[in-house]
Amino acid sequence: MRADDADSDVALASETLAGEELMLSRIQATAQRHHKLRPRLGPSMDVHAAHARLLREAAPDVPHESTSPDPTLVHTEKVSPNSDRAMRRLSLQEDRLSLTNRQSAFTAKSGDFARVLAGMAAAAAQQAVDFDQRTRATSR
Amino acid sequence: MTPLQALQNALAGEHAAVYVYGVIGGRVPRSAAPALAAQVSTAYTTHRARRDQLTTMVRAAGGEPVAAEVSYQLPNDARSLRELRVAALGTEQRCAAVYADTVGSTARANRQFAIDALVDSAVRQLGLGSRAVAYPGIPEL
């Protein structure tokens, strides 16, 4: 791979890592606000933590947040006091993350990296649907 | 894997998916399991459309589209509702893996097609009873 191609993929890894860590912090904030959702949100946190871990391992020089959520970010993004609304918001955010990761997968110069990014996009899409379906189930 | 090989693999996967969903669709009792019947019907239509699209894509890439097998082995007897759902889920999981590989071996429009197919397959798996995972279609992660 050419050096500038590698550089662009490193930049992509950095952006993707930021997106995954932001999603993780949002889910953590929701779990903190709504304790009853913690059993459901735990597996989702695991998904995004796994994504962040792989991105850090693949590109250790990529600047990233610490593994703990940025306390200012957690307190800045307001979580709805209504748990259903909070879950719907997470669903929407997962949808956006999936779209972003799809675009990144399309753009990636490395085929192997594109494959991983597409997997991350698919995972976020699953989370979006799962959150939405669970919200509909509890609303009945 | 060359882009053409990747597209041929995806086409082969779709031939199998169309066959399996065709069998499943004929066995799901619509009155007793309307939700599963609808899912299978939608999946069959989707996979058939992808098969046709991939046939075009392979030709555009300069290849002769791989033909469907005469028949395919189902993962189980596919008689009970549970077996039918498991057979459908297995089909989507295989498709997801093939499309993940296709993403890695293609570019531009072909890659976009594979990305969209992977995401669709991953979401479809949820409806068939799978839980959400960190890397749909990438079993080694």
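A: The largest share of the lining of the largest cavity comes from α4(A), with four residues; helices here are DSSP runs (H or I, at least four residues), numbered from the N terminus. The model is a predicted one, in which local features need pLDDT of at least 70 and side-chain atom pairs count only at pLDDT 80 or more, while totals for chains, interfaces and linings use all residues. Residues are numbered from 1 along each chain as its sequence is written, chains are lettered from A and ligands numbered from 1 in the order in which they are written, and side-chain values use heavy atoms, with hydrogens and water left out.

A cavity is a set of points, on a 1 Å grid over the protein atoms alone, where a 1.4 Å probe fits but cannot get out; lining residues have an atom within 4 Å of a point. A search of the whole structure finds one cavity of 30 Å³ or more. The volume of the largest cavity is about 90 Å³, a volume being the space filled by probe spheres set on the points, which are joined across faces, edges and corners. Its lining includes A:R26, A:A29, A:T30, A:E77 and A:K78, and also A:R89, A:L90 and A:Q93. The elements that give two or more residues to this lining are α1 (3–33) and α4 of chain A. By class, the lining of the largest cavity has four nonpolar, three polar and four charged residues; Ala, Val, Leu, Ile, Met, Phe, Trp, Tyr, Cys and Pro count as nonpolar, Asp, Glu, Lys and Arg as charged, and the others, Gly among them, as polar.

Helix α2 of chain A leads on to the largest pocket, where it gives the most to the lining, with five residues. A pocket is an open set of grid points with protein on both sides within 12 Å along at least five of seven lines. The volume of the largest pocket is about 240 Å³. Of its 15 lining residues, the closest to its centre are A:P43, A:D130, B:R131, B:A132 and B:V133. Six nonpolar, four polar and five charged residues make up this lining.

Finally, there is the interface of the two chains. The contact, meaning heavy atoms within 4.5 Å, takes 27 residues from chain A and 25 residues from chain B. Across the interface the rule finds three salt bridges. One salt bridge joins the side chains of B:D101 and A:R115 (3.0 Å, N to O). The elements that give two or more residues to the side of chain A that touches chain B are α2 (38–58), α4 (83–107) and α5 (111–139) of chain A. Of these, α5(A) gives the most, with 16 residues.

Notes: Salt bridge = Lys/Arg side-chain N within 4 Å of Asp/Glu carboxyl O.
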